[in-house]
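Hello,

Here is the structure I promised to hand over. Please open it first, then read the notes below it.

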Amino acid sequence: MDKMSLLSVVTVSIPEEILSIYLCFLITGEKFHLFLDDKINVIRLAIAVSLMVTSSVVLRALLPEMVLFFLVNMLVIAVIFKFTYKMKWYKAALNSLILYGFLMSIEIVYAPVFLTIAGITMEQLQSSDSWRILCSIPIRGIQIFLIISLWNWNKVVFNIKEYKEVRVTFFLFMTLLLSIELLFVLIFLNNFSGMASHVRWVYMGGFSLFSVLNFSLFKLLSVFTNAVVRRDLAEYINSKREARYTVESIEALLEKGEVEKAKYLCREYNK
């Protein structure tokens with residue numbers, strides 16, 4: 001793997017990790033960790049980012065294989081989330097998976113275009129601070145755009161947690177989509193240098209579909225959760241009307257002294 005200079009760490013890795021944490025926490029409903037008016041949140045963010053950057057730098061130096069680096073680093077990030085933010089293991093793993101899935105989705109669609117236009121190879125990009133910083137700027141812009149777009153995503157996340165059918169649908173599609181994306185990313189990155197130019201464009205075009213699917217998934221979940229909420233609200237309103245009608249009927253029967261009929265109506269309502 002490539003080695004990162006201190007300049008690249010400060011200008012590329014640290015902003016990348018901060019924005020990645022914001023992005024994946026918004027998606028998984030951990031927004032309460034992101035408010036910086038809480039000193040605990042600031043400390044946790046600083047610790048998590050420091051550990052993530054350190055692990056990335058160390059693993060880049062130790063692991064020559066790119067695929068192995070990504071897999072080990074995903075595991076390390078899950079451990080960092082687990083102990084820094086005191087998450088359950090499945091939440092930490094999901095955040096790590098989403099962090100890599102989204103970041104790689106952005107980079108795999110954008111990086112080949114940048115390399116082709118700039119006329120440089122992946123090795124030249126990784127060995128030059130200037131190229132690395134220049135390439136990272138649009139990616140940071142995309143991350144910021146997604147964070148702004150997903151800032152109120154917690155409303156959908158609440159419905160995911162509240163309604164089992166929504167939760168099952170979300171995790172099924174999310175896990176399947178991210179798993180396929182990561183597989184395509186690892187294959188792409190491991191074979192990028194040997195790919196012909198036209199193959200890169202075809203592969204990138206196919207992978208762009210996954211980015212569309214990511215946004216479509218969020219839109220679908222928003223529509224689906226809203227439909228579930230409206231359905232339950234309609235059921236609640238109907239049950240409230242039925243209860244009001246029953247109470248009024250019982251009151252009318254008691255006023256007439258028809259106690260047995262009132263008792264019968266109570267028994268029928270409680271069935």
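**What was found**

Lysine 86 is exposed, with a relative accessible area of 67%. The cut-offs are: buried under 20% relative accessible area, exposed over 50%, partly exposed in between (1.4 Å probe, protein chains only). Lysine 86 lies in the loop between α3 and α4 (89–118). Its phi is near 55 degrees, a positive value in a residue other than glycine.

Before going on, some ground rules. This is a predicted model, in which local features need pLDDT of at least 70, side-chain atom pairs count only at pLDDT 80 or more, and totals for chains, interfaces and linings use all residues. Residues are numbered from 1 along each chain as its sequence is written, and side-chain values use heavy atoms, with hydrogens and water left out.

**The chain as a whole**

The protein chain has ten helices and zero strands. Helices (H or I, at least four residues) and strands (E, at least two) are DSSP runs, numbered from the N terminus. Along the sequence the pattern reads α-α-α-α-α-α-α-α-α-α. Of the 271 residues in the protein chain, 42% are buried. Take the contacts in the protein chain with a separation of 6 or more: 70% of them join residues 24 or more positions apart. Contact means heavy atoms within 4.5 Å.

**Helix α3**

Helix α3 covers residues 66–84. At 1.5 Å a residue, its 19 residues should span 27 Å, and the end C-alpha atoms are 26 Å apart, which agrees. The expected span is 1.5 Å times one less than the number of residues.

Which residues of α3 are buried? They are Met66, Phe69, Phe70, Asn73, Met74, Ile77, Ala78, Ile80, Phe81 and Thr84. They cover an arc of only 165 degrees around the axis, which puts them on the same side of α3. The arc is that of the directions from the helix axis to the C-beta atoms. On the other side of α3, Leu75 and Phe83 are exposed.

Asparagine 73 deserves a look. It lies in helix α3 and counts as buried, at 3% relative accessibility. Leaving aside neighbours within four places in sequence, asparagine 73 is in contact with Ser55, Ser56, Leu59 and Tyr100.

**How the helices pack**

Two packed helices are described by the angle between their axes and the distance between the axes. Axes are lines fitted to C-alpha atoms, for helices over the stretch in contact, and angles run from 0 to 180 degrees between N-to-C directions. Angles under 35 degrees count as roughly parallel, over 145 as roughly antiparallel, 65 to 115 as roughly perpendicular and the rest as oblique. A crossing is left-handed if the near helix is turned anticlockwise from the far one by less than a right angle, and right-handed if clockwise.

- **α2 and α3.** They pack at an angle of about 160 degrees, with axes 10 Å apart. That makes α2 roughly antiparallel to α3. The crossing is right-handed. Residues of α2 that meet α3 include Ser55, Ser56 and Leu59. On the α3 side, Asn73, Ile77 and Ile80 are among those in the contact.
- **α1 and α2.** Helix α1 (residues 6–27) and helix α2 (residues 39–62) pack at about 125 degrees, with their axes 10 Å apart. α1 and α2 are therefore oblique to each other. The crossing of α1 and α2 is right-handed. The contact includes Val9, Ser13 and Glu17 of α1, and Val49, Met52 and Val53 of α2.
- **α1 and α6.** Their axes come within 10 Å and cross at roughly 20 degrees. That makes α1 roughly parallel to α6. α1 passes α6 in a left-handed crossing. Among the contact residues are Leu19 and Leu23 of α1, and Ile133 and Ile144 of α6.

Is glutamate 17 buried or exposed? At 6% relative accessibility, glutamate 17 counts as buried. It is in helix α1. Leaving aside neighbours within four places in sequence, glutamate 17 is in contact with Val49, Met52 and Val53.

Asparagine 152 is in the loop between α6 (129–149) and α7 (154–162). At 48% relative accessibility, asparagine 152 counts as partly exposed. Asparagine 152 and lysine 31 are 121 residues apart in sequence and 9.3 Å apart in space, C-alpha to C-alpha.

Best wishes
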